[in-house]
Amino acid sequence: MANKDINELVKQLQNGNIEVFDDIYYQTKNIVYYSIFIILKDYQLSEDIMQDTYLKALDKIHTYKPRAHFKSWIVTIAKNLAINEFNRRKREMLIDISEQEYILGSCASTAENEVLISQIFTVLSDIEKEVVLLHVVGDLKHREIAKLLNKPLGTITWTYNKAIKKLKEKI
Amino acid sequence: MEKQDIRFRIKETCDERTPDVLNSIKNSSEFRVPVKNKKSLLDYFSLKSFSYSLASVFVIALLITLVMTSQPSTPVIASTITVDINPSIEITLDEDDNVINVVAINDDGEEIINPNTTFRGLSLDQAIEILIEEAYDQGFIVDTTEENVVLISVDSDNSELRERLETQLETKIAAEVVKYSALVRVIKERNPDVTNEQLENLVTIARNNKITIAKLSLINKIIILDDSYTLFNLKDQSIKDLYILHYSLLSPIENITDIEPDEVQDLIDDAQEHQITVAKLLLINKILELEEAYTLEDLKDLTVRELNGIHYKLLNTETTEDDNPGNNDDPGNSDDPGNGN
């Protein structure tokens, strides 16, 4: 569904129609989840923050303006919550930053796809991960990603091409 | 694996692995759409929003003043690079070797510059990576046993900078092409040693024909060796074809050192008399050495390409005859008992 459709759904939600929430959720859940997962690197924790993200987005829904892509808006909320959680756990020494690895958890998936996910999160740098996931999973255009990450468009295009090349070599 | 396949698999995998927390969200006590507060008329004139509006107007006015009074900062072009394959591209760099702009010189060049790509701010290496990848995807660079040929030129007032960029460019192009299991020869061309006025004239000619100065220089070298060629019939040739042609025209002249000095003058006189170039005359002489049935009159009106073809065939025929032991017409050597000769 195009950006226009999701904006239409959000508008209905802002007008009080809670029925459209499911559609909005299913259109955005992948990119929300992986934006959090890149930061927290933990399957269970990311699930919890994902829940918080949608509740917060709902609470702040009237502050959303259709100037920006809705996915960019909700990803920002997700990342902020993830960063806050990360910092909180760091302060409480619940995680060892230097040895943090991705806890991929168990999920029904083919062995090949398991390898692919593993490669994305180990082979790519943080910025490459973000750009690939926002573009491929989130369907955001490079221009929108550049705005979201506050980087030049050329950098985003180059980073994406480099990341895909790295994955092609590894797989 | 193609880019599209990787994209599809990433999307599919992420789809599979993303947990579904919709029910948990809906079961939360916070799951509701908050009521939008309706503003009263008084709210629009509240001190807070009014002061924000006033501050915004002030900032905008200040910015406009600054913009109008300040000089626009346009980046200084420190060097200009051209890359020719069949697509021709011009890249301008600033003093930090960062890209200011990438423009296509010809229609093929337009094919490899993605309009969605912003090159400005990238390093030269990054720009070359993107362009070579696109050239490969579009089929201008091929991964066969034949060499791809890329012509580069760096123009800069600073000779050290020029040499450094030439080396960097040559190395990067080679490294990128090799990634696609392709072979490449990078040839360098410098601006001809002419006056500024002559150079401007060359720039005009190049621009009018949608080619780079480097390509025009190569074409000129070919025309000097064989004036049966013209700019018109060479300008759309690939760099590889031009390079091979130039090389084939140069080859006969490389042997000119084997000839005695007074013989060289005879050659030049001979060439002038028949109104052909020395290179062509040397090539014709090689053919005549291999096949006496030909005469100078038969061959002098052929193009160098045709002459090269004849020379090549004669060389191969001679080689085949030498290598084939069965091809022996001397009856005295026949071991065939059935041979009544």
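Which residues in H6(A) meet which residues in H7(A)? Ile127(A), Glu130(A), Val131(A), Leu134(A) and His135(A) lie on the H6(A) side. They meet His142(A), Ile145(A), Leu148(A) and Leu149(A) in H7(A). Contact here means heavy atoms within 4.5 Å. The residues of this contact divide into six nonpolar, two polar and one charged. Ala, Val, Leu, Ile, Met, Phe, Trp, Tyr, Cys and Pro count as nonpolar, Asp, Glu, Lys and Arg as charged, and the others, Gly among them, as polar.

The model is predicted: local features need pLDDT of at least 70, side-chain atom pairs count only at pLDDT 80 or more, and totals for chains, interfaces and linings use all residues. Residues are numbered from 1 along each chain as its sequence is written, chains are lettered from A and ligands numbered from 1 in the order in which they are written, and side-chain values use heavy atoms, with hydrogens and water left out.

Chain A was examined as a whole. Its secondary structure comes to eight helices and zero strands. Helices (H or I, at least four residues) and strands (E, at least two) are DSSP runs, numbered from the N terminus. Along the sequence, the pattern reads α-α-α-α-α-α-α-α. Chain A has 171 residues, and 54% of them count as buried. Buried means under 20% relative accessible area, exposed over 50%, and partly exposed in between (1.4 Å probe, protein chains only). Among the contacts in chain A with a separation of 6 or more, 61% come from residues 24 or more positions apart.

The geometry of the opening pair follows. H6 of chain A covers residues 126–137, and H7 of chain A covers residues 142–149. Their axes come within 10 Å and cross at roughly 135 degrees. Axes are lines fitted to C-alpha atoms, for helices over the stretch in contact, and angles run from 0 to 180 degrees between N-to-C directions. H6(A) and H7(A) are therefore oblique to each other. Angles under 35 degrees count as roughly parallel, over 145 as roughly antiparallel, 65 to 115 as roughly perpendicular and the rest as oblique. The crossing of H6(A) and H7(A) is right-handed. A crossing is right-handed if the near helix is turned clockwise from the far one by less than a right angle, and left-handed if anticlockwise.

His135(A) belongs to H6 of chain A. His135(A) counts as buried because its relative accessibility is 13%.

H2(A) passes H3(A) in a right-handed crossing. The H2(A) residues in this contact include Phe21(A), Tyr25(A), Val32(A) and Leu40(A). Those from H3(A) include Tyr43(A), Met50(A), Tyr54(A) and Leu58(A). The residues of the contact divide into 13 nonpolar, three polar and two charged. Lys41(A) lies in the loop between H2 (21–40) and H3 (43–59) of chain A. Its phi is near 60 degrees, a positive value in a residue other than glycine. Lys41(A) is buried, with a relative accessible area of 15%.

In chain B, Ile25(B) is found in helix H2 (residues 22–26). Ile25(B) counts as buried, at 0% relative accessibility. Neighbours within four places in sequence are left aside for its contacts. Ile25(B) is then in contact with Phe21(A), Tyr25(A), Gln51(A), Tyr54(A), Leu55(A) and Phe31(B).

Helix H6 of chain B (residues 124–137) has 14 residues. It reaches 20 Å from its first C-alpha to its last, close to the 20 Å expected at 1.5 Å a residue. The expected span is 1.5 Å times one less than the number of residues. H6(B) is mostly covered, with 10 of its 14 residues buried. Among them are Leu124(B), Gln126(B), Glu129(B) and Ile132(B). Just after H6(B), Gly139(B) takes a positive phi of about 90 degrees.

Helices H8 (residues 196–208) and H9 (residues 213–225) of chain B have axes that come within 9 Å and cross at roughly 95 degrees. That makes H8(B) roughly perpendicular to H9(B). Lys210(B) lies in the loop between H8 and H9 of chain B. Lys210(B) counts as partly exposed, at 43% relative accessibility.
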